[in-house]
Amino acid sequence: MSRSALLVLADGRFPAGGHAHSGGVEAAVASGGVHDTASLEAFCRGRLHTAGLTAAGLAAAAATGHDALALDEAADIRTPVPALRDVARRLGRQMMRAARATWPCAGLDHLARHRPRGAHQPVVLGVAARAAGLTPLDAAHAAGYESVGGPAAAAVRLLSLDPFDATAVLARLTGDLDEVAGAAADAAARVATAGVGVLPAASAPLLDITGEQHAAWTVRLFAS
């Protein structure tokens, strides 16, 4: 295992396309739900324990070596909104390009061949983590961090927040992130015997609703 590989995978400069997406915070800012540091922290905490937990479980399961195609189908089931399903696959395509260039492996090639239009991003992330020699827990941490790191960075641009304050929000969420990653990895460890149904399927209906609405905007700063 190379812990340095985790730093590369979780680095916001890794060319996986996440910088173009706000994780739902653009719509939340437009509605007034996120308007300052405190409301950003509440948004990120909620997202981490719902969409973030679900993504972390899928990534951790993929990092165990479980059938990535079956996990991609499980991700579809856990993403009921067409707009967000499309976003997940677009991000998955970009993650695939970056991962195959960085950690080429048969697992990534297999997934790319069977999902030419893109697999869900957390699944690709988990396969990439396995290729990089990382553990399922590492993959869960990377997916969980991505679920809040993107919105925090986007909020800096959308609200002109002080970047130091946004980073402090992420620092205060580290305990929650450890909790989410641990729960996701524990669930992933049971997939081989109990099936993908044991993976988290936490829902965030408001994120689903605003995600579909945001996709119809004619003018927006972020793709999602």
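## Exposure and burial

A residue counts as buried under 20% relative accessible area, as exposed over 50%, and as partly exposed in between. The model described here is predicted. With a relative accessible area of 25%, Q94 therefore falls in the partly exposed class.

Q94 is placed in helix α5, which runs over residues 82-102. Beyond the residues up to four places away in sequence, Q94 touches P15, A16 and G17. Between Q94 and D76 there are 18 residues in sequence and 18 Å in space, taken from C-alpha to C-alpha.

## The nonpolar core

The largest nonpolar core holds 66 residues, and the members that touch the most others are L9, L111, V123 and L199. The element that gives the most to this core is helix α3 (residues 37-63), with twelve residues.

What does L9 contact, leaving aside its neighbours within four places in sequence? The list is F14, M95, W103, L125, A129, L134 and A142.

## Helix α1

L9 also belongs to the buried residues of helix α1 (residues 3-10), which are A5, L6 and L9. These residues lie on the same side of α1, because the arc they cover around the axis is only 105°. An α-helix has 3.6 residues a turn, so residues three or four places apart point the same way.

The buried residues of α1 are covered by elements that include α5 (82-102), α7 (121-131) and α8.

## The loop between α1 and α2

Two residues of the loop between α1 and α2 can be set side by side: H19 and S22. Helix α2 covers residues 25-31. H19 has a relative accessible area of 64% and is therefore exposed, whereas S22, at 0%, is buried.

Not counting residues up to four places away in sequence, H19 touches R157 and F222. F222 is also among the contacts of S22, which are G150, P151, A154, F222 and S224 once neighbours within four places in sequence are left aside. H19 is 94 residues from R113 in sequence and 26 Å from R113 in space, C-alpha to C-alpha. For S22 and L173, the separation is 151 residues in sequence and 18 Å in space, again C-alpha to C-alpha.

## Helix α8 and the residue after it

How far apart are the end C-alpha atoms of helix α8 (residues 136-159)? They are 35 Å apart, which agrees with the 34 Å that its 24 residues should span at 1.5 Å a residue. The helix also has a bend, of about 25°, at E146.

Just after α8 comes S160, with a positive phi of about 55°. S160 takes this phi although it is not a glycine. Its place is in the loop between α8 and α9 (163-172). Is S160 buried or exposed? Its relative accessibility is 66%, so S160 counts as exposed.

R45 itself is partly exposed, with a relative accessible area of 28%. Leaving aside neighbours within four places in sequence, the contacts of R45 are R172, L173 and D176.

R45 and A68 are separated by 23 residues in sequence, and their C-alpha atoms are 28 Å apart in space.

## Cysteines

How many disulfides does the structure hold? The number is zero. A disulfide is a covalent bond between the sulfur atoms of two cysteines.

Two cysteines can be compared by accessibility. C44 counts as buried, because its relative accessibility is 0%. C105 has a relative accessibility of 22%, so C105 counts as partly exposed.

Definitions and conventions
Residues are numbered from 1 along each chain as its sequence is written. This is a predicted model: local features need pLDDT of at least 70, side-chain atom pairs count only at pLDDT 80 or more; totals for chains, interfaces and linings use all residues. Side-chain values use heavy atoms; hydrogens and water are left out. A nonpolar core is a set of buried Ala, Val, Leu, Ile, Met, Phe, Trp, Tyr and Cys residues joined through side-chain atoms within 4.5 Å. Buried means under 20% relative accessible area, exposed over 50%, partly exposed in between (1.4 Å probe, protein chains only). Helices (H or I, at least four residues) and strands (E, at least two) are DSSP runs, numbered from the N terminus. Contact means heavy atoms within 4.5 Å. The expected span of a helix is 1.5 Å times one less than its number of residues. The bend at a residue is the angle between axes fitted to the seven residues ending there and the seven starting there. The arc is that of the directions from the helix axis to the C-beta atoms. A disulfide is a pair of cysteine sulfur atoms within 2.5 Å.
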